[in-house]
Amino acid sequence: MSAVLQAVLQFPGAHSALKPAGPQARIAEGLWNSMYATAIVVFLLVMAALLWAAFRRRRAEEPAPDPARERRMRRVVAAAVGITTIVLFTFLVSDISAGRAVTATPGKDAIQIIVTGHQWWWEVQYRDSVPQRWVTTANEIHVPVGRQVAVELRSTDVIHSFWPPNLTGKRDLIPGNENSLWFQADSAGVYRAECAEYCGHEHAKMALLVVAQSPDSFARWLTQQRDTAHTPADSLTSRGQEVFLSSACAMCHSIAGTPAGSRVGPDLTHLAGRATIAAGTLPNTRGNLAGWIVDPQRIKPGARMPPNQLDPADLRALLAYLETLR
Ligand code: CUA
């Protein structure tokens, strides 16, 4: 999975509204381009008028009042006001119509995802008519290319805002209120999204990845996510599972197929398959995971996870176990 992260890091366009990868983002980009082009033309005209006024030859004495000239000047000013009004009105109309196009109701066959904002991470849930087939993950949304994805947005604490600029605009996650948006990725890739509403201490470290993949590989991913966690096959990982279940970990996290079922923190059933930890803060490597478990406050001060003073042997076993959770 570090290949996924490398793709994000090496592709600077993975977080840019100017590199649209879906229909809605293209609408927003079109709106921006038309405003940008208009602004350049207006700027050049204003600068030209300013330079003309500054450098035109002046007569030595005040010219005699010329009613024809006055009338001409009045017409020029009226025309400028008229053109400005038309330009602003055109902006207003194109802005409203772009907004409507972006927020149009998605089709019936759209994939439904529930994204819940927490301070400071994202819970992602794929529901199904059979509850056993629900998939819960964190800080990573997988979607198939070329299909609409309807996202229901919720929050458990404060207002957050979901913003994947390559795919669509922002939408707030408001406690006690359901909001929604939809997007579609037209090409495979990893796109970065982030919280776009100040939500406290670690707002800046509240990112998530949108992984757009071919329909087949998305289906494989979803099937694999439905599995319960890997069962320890050797003494080291068994010990690791014991450490997990007997320490503070199990009080906040769940791992499907074990007694750990708390939903306070991210679901860790398939943790090792994710590219980052701590909501896009660090690449998901053994060293980073160890640092995070021992002292999360050093990496993300204010995060809800407390430090865990584990015996080194226990920590090694725990890491070995977590790395099996693919
Ligand atoms: Cu969540 Cu800012």
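**Exercise 1. Charges over rings**

Task: Which charged residues lie over the faces of tryptophan 52 and tryptophan 163, and at what distance from the ring centre?

Solution. 
Step 1. Apply the criterion: NZ of Lys or CZ of Arg must be within 6 Å of the ring centre and within 35 degrees of the ring normal.
Step 2. Over the face of tryptophan 52 lies arginine 56, at 5.3 Å from the ring centre.
Step 3. For tryptophan 163 the residue is lysine 170, at 4.8 Å from the ring centre.

Conventions for this and the following exercises: the model is predicted, local features need pLDDT of at least 70, side-chain atom pairs count only at pLDDT 80 or more, and totals for chains, interfaces and linings use all residues. Residues are numbered from 1 along each chain as its sequence is written, and side-chain values use heavy atoms, with hydrogens and water left out.

**Exercise 2. Aromatic pairs**

Task: State how many aromatic pairs the structure holds, then classify the pair of tryptophan 32 and tyrosine 36 and the pair of tyrosine 126 and tryptophan 221.

Solution. 
Step 1. Rings of Phe, Tyr and Trp (its six-membered ring) pair if their centres lie within 6.5 Å; planes under 30 degrees apart count as stacked, over 60 as edge-to-face and the rest as tilted.
Step 2. The structure holds 5 aromatic pairs. One of them joins tryptophan 32 and tyrosine 36, with 5.1 Å centre to centre and 15° between the planes, and is stacked.
Step 3. Both residues belong to helix H2 (residues 23-55). Helices are DSSP runs of H or I with at least four residues, strands are runs of E with at least two, and both are numbered from the N terminus. Tryptophan 32 and tyrosine 36 are 4 residues apart, so about one helical turn separates them.
Step 4. For accessibility, buried means under 20% relative accessible area, exposed over 50%, and partly exposed in between (1.4 Å probe, protein chains only). Tryptophan 32 is partly exposed at 40%, and tyrosine 36 is partly exposed at 44%.
Step 5. The ring centres of tyrosine 126 and tryptophan 221 are 5.3 Å apart and the planes stand at 65°, so this pair is edge-to-face. The pair links distant parts of the chain: tyrosine 126 is in strand S2 (residues 121-126) and tryptophan 221 in helix H4 (residues 215-226), 95 residues apart.
Step 6. Tyrosine 126 is buried at 3% relative accessible area, and tryptophan 221 is buried at 10%. Tyr126 and Trp221 form one aromatic cluster together with Phe218.

**Exercise 3. The open sheet**

Task: Give the strand order of the open sheet, find the edge strands, and describe the pairings of S1 and S2.

Solution. 
Step 1. Strands of a sheet pair through backbone hydrogen bonds, either parallel or antiparallel. Here two strands pair if DSSP finds at least two bridges between them.
Step 2. The order of the 5 strands is S3-S2-S1-S5-S8, with mixed pairing. At the edges stand S3 (135-138) and S8 (179-183); each has a single partner strand, so one side of each is left without a neighbour in the sheet.
Step 3. S1 (residues 111-118) and S5 (residues 149-155) run parallel and are joined by 7 bridges. In this pairing, isoleucine 113 has valine 151 as its bridge partner.
Step 4. S1 and S2 are antiparallel over 6 bridges and form a hairpin with 2 residues between them. Glycine 117 stands opposite tryptophan 122.
Step 5. S2 and S3 are also antiparallel, joined by 4 bridges, and glutamine 125 stands opposite threonine 136.
Step 6. In S2, 6 of 6 residues are buried: Trp121, Glu123 and Gln125 on one side, Trp122, Val124 and Tyr126 on the other.

**Exercise 4. Histidine 160**

Solution. 
Step 1. Histidine 160 is in strand S6 (residues 160-163), and is buried with a relative accessible area of 0%.
Step 2. A polar contact is a pair of N or O atoms within 3.5 Å; within protein, one must be able to donate a hydrogen and the other to accept it, and residues adjacent in sequence count only if both atoms are side-chain atoms. The side chain of aspartate 157 makes such a contact with that of histidine 160, at 2.8 Å.
Step 3. Contact means heavy atoms within 4.5 Å. Not counting residues up to four places away in sequence, histidine 160 touches several residues, including Gly117, His118, Cys195 and Cys199.
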